[in-house]
Amino acid sequence: MNDQPGRRPQKSGKPGTPGKHGKPYRRPQKDPVRYLAFEALRAVDERDAYANLVLPPLLRKAREKGDFDARDAALATELVYGTLRRQGTYDAIVAACIDRPLREVDPPVLDVLNMGVHQLLGTRIPTHAAVSASVELARVVLGDGRAKFVNAVLRKVAQDDLDGWVEKVAPPYDEDAEDHLAVVHSHPRWIVSALWDSLGGGRAGIEDLLEADNERPEVTLVARPGRTTADVVLDEVGEESALPGRWSPYAVRLTEGGEPGSLDPVRTGRAGVQDEGSQLVAIALANAPLEGRDEKWLDGCAGPGGKAAMLAGLASERGAALLAAEKQPHRARLVANALAGNPGPYQVITADGTRPPWGPGTFDRVLMDVPCTGLGALRRRPEARWRRRPEDLEGFAPLQRSLLTTALDSVRVGGVVGYATCSPHLAETRAVVDDVMKHHPGAELIDARPLLPGVPALGDGPDIQLWPHLHGTDAMYLALIRRTA
């Protein structure tokens with residue numbers, strides 16, 4: 001990227017050359033931290049990239065060049081994720097400070113503005129430093145003309161704090177509860193409505209959930225069964241840098257930043273990065289009581305491999321074998337990498353779960369962690385809330401039903417299917433299960449709650465819905481179904 005795309009100053013830019021109003025022209029100075037954060041935000045917007053995939057290589061490259069230390073990396077990370085999480089709130093504030101519709105502001109300008117608003121209202125950066133640094137970034141990436149616009153808007157924003165602005169731009173709760181929560185907690189209105197429907201209850205619960213979605217999640221490791229234990233990982237990482245998991249006996253929670261991939265247990269494949277909610281899904285399926293044999297397990301949507309690696313380890317401890325199937329070849333390769341080193345028998349294949357190459361009734365345990373909107377992982381992928389649309393549900397629905405039907409056909413009589421999704425939306429959870437079971441009478445729901453002893457607030461059952469604000473996990477859903485005929 002050029003230092004200064006777009007409009008450029010009229011003068012040649014040589015230091016000391018008189019500019020407009022007779023003042024010497026000063027070339028803009030590129031701040032590596034804010035420039036990198038801007039690059040990440042543009043990638044998210046222009047390429048539909050995910051920040052958690054874009055940001056690490058940018059940070060790594062900056063460190064290799066010697067431009068960054070740990071504090072710089074932490075600030076860049078905060079600027080990117082903070083801006084994305086609070087985009088809805090910041091958009092409303094910027095809209096109140098300009099004399100044109102927000103949609104008429106060029107996206108790169110809006111990225112600079114929102115990053116500046118985050119520094120003003122969401123960090124402890126002094127006001128003058130937040131404004132001047134944002135204006136300097138605008139000069140570098142937008143040109144002097146639009147930098148003046150950025151300066152004018154941010155000076156208006158700086159006249160009040162976040163609470164004051166929210167009171168001005170959010171409608172009163174009593175007049176429009178969902179729109180109030182959408183602006184205050186920076187979620188699209190339709191997602192607020194969907195989460196509230198799934199969660200139930202009053203205002204306190206939904207506000208706690210939306211607040212939890214805006215908190216930075218801790219990194220959780222899984223000690224892969226058969227390869228290591230949580231105690232060993234804790235010892236290797238160090239008690240000053242990690243804690244045991246809250247619910248999973250295989251979980252290790254990292255308390256400090258840094259790159260998990262640099263840790264020896266992760267680098268050697270004995271551990272992986274995996275949310276505790278995903279671990280609990282695999283544990284519940286593995287612990288479900290079976291009638292008869294327990295030899296063949298299937299992960300029918302195995303990419304990128306976290307649950308498959310855990311299931312393979314649990315299966316190997318019982319002398320069972322796992323077949324991991326993934327439709328996309330590049331994701332199948334990720335699964336193979338995750339399973340490499342598993343002590344027991346396993347196989348990874350590239351296959352479409354809706355047209356399975358295996359016969360009916362082949363497996364004793366089947367996991368179908370189906371593609372979904374990902375609304376349960378908004379803490380980790382905050383940009384997904386702005387990217388998803390209600391009509392996306394219609395696109396996923398047929399696939400989800402087809403995959404669950406395949407799972408029920410693939411398990412033997414007496415075997416167990418786990419239907420999982422990283423979304424709490426009722427259209428992706430109970431609606432799918434209820435609809436498929438109506439057309440598959442030889443199946444019954446198992447109460448999954450006793451299979452996760454010690455985990456509180458699991459609801460009325462028999463299915464399980466985990467929540468960020470209640471369990472500190474992604475909002476994973478699990479229904480366990482036994483085939484009876």
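This is a predicted model: local features need pLDDT of at least 70, side-chain atom pairs count only at pLDDT 80 or more; totals for chains, interfaces and linings use all residues.
Strand β5 pairs with strand β8 (residues 363–369) in the parallel sense, over three bridges. Two strands are said to pair if DSSP finds at least two bridges between them. Helices (H or I, at least four residues) and strands (E, at least two) are DSSP runs, numbered from the N terminus. Within this pairing, L298 stands opposite V366 in β8.

Residues are numbered from 1 along each chain as its sequence is written, and side-chain values use heavy atoms, with hydrogens and water left out.

Strand β5 (residues 296–299) is also joined to strand β6 (residues 321–326); the two run parallel, with four bridges. Here W297 stands opposite L322 in β6. How does the chain cross from β5 to β6? The path goes through helix α15 (residues 306–316), and this β-α-β crossover is right-handed: with the strands pointing away from the viewer, the path from the first strand over the helix to the second runs clockwise.

The loop between β5 and α15 holds P304. The peptide bond from G303 to P304 is cis, with omega near 5°. A cis peptide bond is also found from G461 to P462, with omega near -5°. P462 lies in the loop between β10 (443–446) and β11 (464–465).

Let us turn to two helices. Two packed helices are described by the angle between their axes and the distance between the axes. The axes of α4 (residues 87–96) and α5 (residues 107–121) come within 10 Å and cross at roughly 100°. Axes are lines fitted to C-alpha atoms, for helices over the stretch in contact, and angles run from 0 to 180 degrees between N-to-C directions. Helix α4 is therefore roughly perpendicular to α5, a term for angles of 65 to 115 degrees.

Which residues make the contact? On α4 they are Q87, Y90, D91, I93 and V94, and on α5 they are L110, L113, N114, V117, H118 and L121; contact means heavy atoms within 4.5 Å. These residues divide into seven nonpolar, three polar and one charged. Ala, Val, Leu, Ile, Met, Phe, Trp, Tyr, Cys and Pro count as nonpolar, Asp, Glu, Lys and Arg as charged, and the others, Gly among them, as polar.

Finally, D48 is found in the loop between α1 (32–47) and α2 (51–65). Phi of D48 is near 55°, a positive value in a residue other than glycine.

Note on methods: Angles under 35 degrees count as roughly parallel, over 145 as roughly antiparallel, 65 to 115 as roughly perpendicular and the rest as oblique.
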